[in-house]
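Take a moment with the sequence and the fold below. The paragraphs that follow lead through them step by step.

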Amino acid sequence: MTIKGRVHSVETCGTVDGPGIRYIVFMQGCLMRCKYCHNRDTWDVDAGQEMTVEEIMTELLSYRHFIEASDGGITASGGEATLQAEFVTELFKACQKEGIHTCLDTNGFVRHHSDAIEHLLDVTDLVMLDLKQMDDAKHIDLTKVSNRHAKEFALRLAERNQKTWLRYVVVGGYTDDVASAEELADFILPMKNIERVELLPYHELGKHKWEAMGEPYELTEVHPPSKETMETICDVFKSRGLNVIY
C-alpha cells in the first residue's frame, strides 16, 4: 500500500532551513502550542493535503540542479515532522537514493522513541533541533507541554552521534535572559554531535495567522530582541567554545 503524508505546504527554494538551497516540506500537525508559532495553521493533525512520496519527488527533482549546485537538499519541517515518521522515512529514503541531502527540522517532542523514529534518524543526514527553554515550568508556559521529551531526544541524538544543528529562539520575557541561555549551553556542551548553535530572534510574522483563525495572539507586547540582547546571548555560547551564529 502506498503510504501518504499530510502536507501543509512546500517551499521550493528555501535558504534558512539547512545548508544550501532546500526543498522544504512542511508537514501537517504539531502537539506543541508555542505562543510565538508562525505556522499556527499547521497544528491540526487532520488538515493538510494528502501526498505520496512519488508526488513530492516528481516536483523535488525538477529543482535538482539548483539544489545540487548549492550543496542543498530536502528539509522536512512543520508542524512537526516526527509525527509522520514513517512517511518522512520513506521520503528521505527516496531522496538518498537520488543523492539528495536530507534534513529533519524538529522540536524534539517525541513522546515515544520508537523503532520508527530510529529508522527516520537512520536516513537523516542532519537534524535541526529547536530547544525552546530548559526550565520546565517556563517551557510549559511557553509551549503548553513539558520539555522532558525534547531533552531526552537531544540526549538520544548525542548517543547516536547524529549530526545536529541546535536552534534557540530568543523571545523577550521567555528566553532572552542570560540564565536560560547558560542552562542550555551547559546542557549541550558535552554533546560532540552538535556542529553549531543558531540563535533565532523572535519575530511577529506569524501574528496575522492567529488573527485570521480568530484566536488571540498572546505576545502582542513582545517585540524582536535588540542587537545588544542577541550579542549577549551569543556570548554565553561563545564563552563555552560553542560554534554559534545569528
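How are helix 3 and helix 4 oriented to each other: roughly parallel or roughly antiparallel? Some ground rules come before the reply. This is a predicted model, in which local features need pLDDT of at least 70 and side-chain atom pairs count only at pLDDT 80 or more, while totals for chains, interfaces and linings use all residues. Residues are numbered from 1 along each chain as its sequence is written, and side-chain values use heavy atoms, with hydrogens and water left out. Helices (H or I, at least four residues) and strands (E, at least two) are DSSP runs, numbered from the N terminus.

Now the helix pair. Helix 3 spans residues 85–97 and helix 4 spans residues 115–122. Their axes lie 9 Å apart, at an angle of about 25°. Axes are lines fitted to C-alpha atoms, for helices over the stretch in contact, and angles run from 0 to 180 degrees between N-to-C directions. The two helices are therefore roughly parallel to each other. Angles under 35 degrees count as roughly parallel, over 145 as roughly antiparallel, 65 to 115 as roughly perpendicular and the rest as oblique.

Which residues of helix 3 and helix 4 meet? From helix 3 come A85, E86, V88, T89 and F92; from helix 4 come A116, I117, H119 and L120. Contact means heavy atoms within 4.5 Å. These residues divide into six nonpolar, two polar and one charged. Ala, Val, Leu, Ile, Met, Phe, Trp, Tyr, Cys and Pro count as nonpolar, Asp, Glu, Lys and Arg as charged, and the others, Gly among them, as polar.

Helix 4 has another contact. Its axis and that of helix 6 (residues 148–160) come within 12 Å and cross at roughly 50°. That makes helix 4 oblique to helix 6. I117, E118, L121 and D122 of helix 4 touch F153, R156, L157 and R160 of helix 6. By class, this contact has four nonpolar, no polar and four charged residues.

Nine strands form an open sheet in the order 3-1-2-4-5-6-7-8-9, with mixed pairing. Strand 3 (49–52) and strand 9 (244–245) stand at the edges, each with a single partner strand, so one side of each has no neighbour in the sheet. Strands pair if DSSP finds at least two bridges between them. Strand 4 (residues 73–77) and strand 5 (residues 101–106) pair in the parallel sense over four bridges. A76 has L104 in strand 5 as its bridge partner.
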